[in-house]
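Me: I have not looked at this protein before. Could we go through it by question and answer?

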Amino acid sequence: MKKIILILAAALTAFSVFAQGQTPGVKRPQGKRVSVLVDNDLCGDGDGLFHLVHQLLCTSSDVRGIVGAHVGARSQAWGQTAGEQQKNNAEISVSRASEILELVGQAGKVTVKPGAPGPMTDSKTPYVSEGARLIIEEAKKASAEKPLYLLFGGPLTDVASAWLMDPSISKNVILVWIGGQEYDFGHPFPPQYFTGNNLVEYNLRLDVNAAKTVFNDSDLTIWQIPRDVYRQALYSMAELEDKIAPLGKIGEYLCSKLGVFARMADTYVLGDSPLLLISTLTTTFEPGAAGCFYEVTPAPTITDTGLYDFTKKGRDIIVYKSIDTRLLFGDMESRFRIAAKSAIR
């Protein structure tokens, strides 16, 4: 009997530790605004712009900073204006962030810094930037009990660099990342769609060295939203024209940034928006993204080519398997509509 009691006590202790989210998550105090820092290639696909507007409009979101990320080694960003031709694409991302802050009436209220202008040269050397320094600064203001959510919708360059510069930040942050290819327990697409270089997901491919740092070397808490899951955030062009475009300056700005390429199909993946769903649109009590489902799994080793190697089991990470698009898009549409109405008054 005594042995059974000891076993039960040990099980309850283990459950308590997991429930508190020490590994691989950190429990957020109930009734508090969530602190987030957004790092995204806002000079690339327009989905990052949709996410940032939505994030800034959420009342439970305390945006501690915005870091403009790069879109790989290429010198020019998509949709750059004539006045932006002398800027690197991280600086253009900063310009986009500043435009959005002005758009939602928060100009000057959130710190915006450029991240690295390109990928890391290797997995051991940080790309020191103002953005990486901002991540460290804000992480030091957070704690394990009230963590800073690092919302990454592009390459991992800036968080990898920040960790290399100061590994102590890992105890105070949760990295929520849109990126990486499918897992065996996920929803893989027909293989003909992802072959050759496309086997490696786009955001991971933008900086493989940074992904190696984060997955292979760091002790950062990772909540990953891989390709098969962020592609579930599928929105139709008809919905954009019907529900978003008419919403004043916000609708006009966002739809104007999609470009010709995005309009070649009847659908568009708002792939960065799940960042908000996982971090911010959570339940009041026992906070969590209740409509989303995940798997706790050992982190894969990232190879030099960007593929997963499961022969070496790393620390446990959270990998999402599905997202609540009903809540995500319903909330987005309503907040954009409310903001548009407020601007008219």
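**A covered helix and the sheet beside it**

Helix H2 is mostly covered, with 11 of its 11 residues buried.

Me: This is a predicted model. Which strands does helix H2 lie across?
Reply: Helix H2 spans residues 47-57. Among its buried residues are Leu49, Phe50, His51 and Leu52. The helix runs at about 160° to strand S1 (34-40), and the strands it lies across are S1, S2 and S4.

Me: How many helices and strands are there in the protein?
Reply: The protein has 345 residues, of which 52% count as buried. Its secondary structure comes to 13 helices and 12 strands.

Me: In what order do the eight strands of the open sheet stand?
Reply: The pairing in this sheet is mixed. Neighbouring strands are turned by 25° against each other on average, direction ignored. The order is S3-S2-S1-S4-S5-S6-S12-S9.

Me: Which strands stand at the edges of that sheet?
Reply: An edge strand here has a single partner strand, so one side of it is left without a neighbour in the sheet. This holds for two strands, S3 (112-114) and S9 (293-298).

Me: Which residue stands opposite Ile66 in S3?
Reply: Strand S2 (residues 61-68) and S3 run parallel and are joined by three bridges. Across this pairing, the residue opposite Ile66 is Val112.

Me: Which strands does helix H4 lie across?
Reply: Helix H4 covers residues 130-141 and runs at about 155° to S2. The strands it lies across are S1, S2, S3, S4 and S5.

Me: How many of the residues of strand S5 are buried?
Reply: Strand S5 takes in residues 173-178 and is mostly covered. On one side Val173, Leu175 and Trp177 are buried, and on the other Ile174, Val176 and Ile178 are buried, which leaves both faces covered. The count of buried residues in S5 is six of six.

Me: What is the bridge partner of Tyr149 in S5?
Reply: Strand S4 (residues 148-152) pairs with S5 in the parallel sense over five bridges. Within S5, the partner of Tyr149 is Ile174.

Me: Which residue in S6 does Trp177 stand opposite?
Reply: S5 and strand S6 (residues 221-225) run parallel, joined by five bridges. Trp177 is one of the buried residues of S5. Its opposite in S6 is Gln224.

**Single residues**

Me: Is Val94 buried or exposed?
Reply: Val94 is found in helix H3 (residues 89-103). A residue counts as buried under 20% relative accessible area. Val94 has 17% relative accessibility, so Val94 is buried.

Me: How far apart in space are Val94 and Val112, C-alpha to C-alpha?
Reply: Val94 touches Val112, and also Gly68, Lys113 and Pro114, not counting residues up to four places away in sequence. In sequence Val94 and Val112 are 18 residues apart. In space, C-alpha to C-alpha, they are 6.5 Å apart.

Me: Is Lys313 buried or exposed?
Reply: Lys313 has its place in the loop between strand S11 (308-309) and strand S12 (316-322). Not counting residues up to four places away in sequence, Lys313 touches Pro298 and Ala299. The cut-off for exposed is over 50% relative accessible area. With a relative accessible area of 71%, Lys313 is exposed.

Me: What is phi of Glu286?
Reply: Glu286 lies in the loop between helix H12 (274-279) and S9. The residue is exposed, at 64% relative accessible area. Most residues other than glycine have a negative phi. Glu286 has a positive value instead, near 50°.

Me: How many disulfides does the count come to?
Reply: Cys43 is buried at 0% relative accessibility, and Cys255 is buried with a relative accessible area of 7%. A disulfide needs a pair of cysteine sulfur atoms within 2.5 Å. By this rule the number of disulfides is zero.

Definitions and conventions: Residues are numbered from 1 along each chain as its sequence is written. This is a predicted model: local features need pLDDT of at least 70, side-chain atom pairs count only at pLDDT 80 or more; totals for chains, interfaces and linings use all residues. Side-chain values use heavy atoms; hydrogens and water are left out. Helices (H or I, at least four residues) and strands (E, at least two) are DSSP runs, numbered from the N terminus. Buried means under 20% relative accessible area, exposed over 50%, partly exposed in between (1.4 Å probe, protein chains only). Two strands pair if DSSP finds at least two bridges between them. Axes are lines fitted to C-alpha atoms, for helices over the stretch in contact, and angles run from 0 to 180 degrees between N-to-C directions. Contact means heavy atoms within 4.5 Å.
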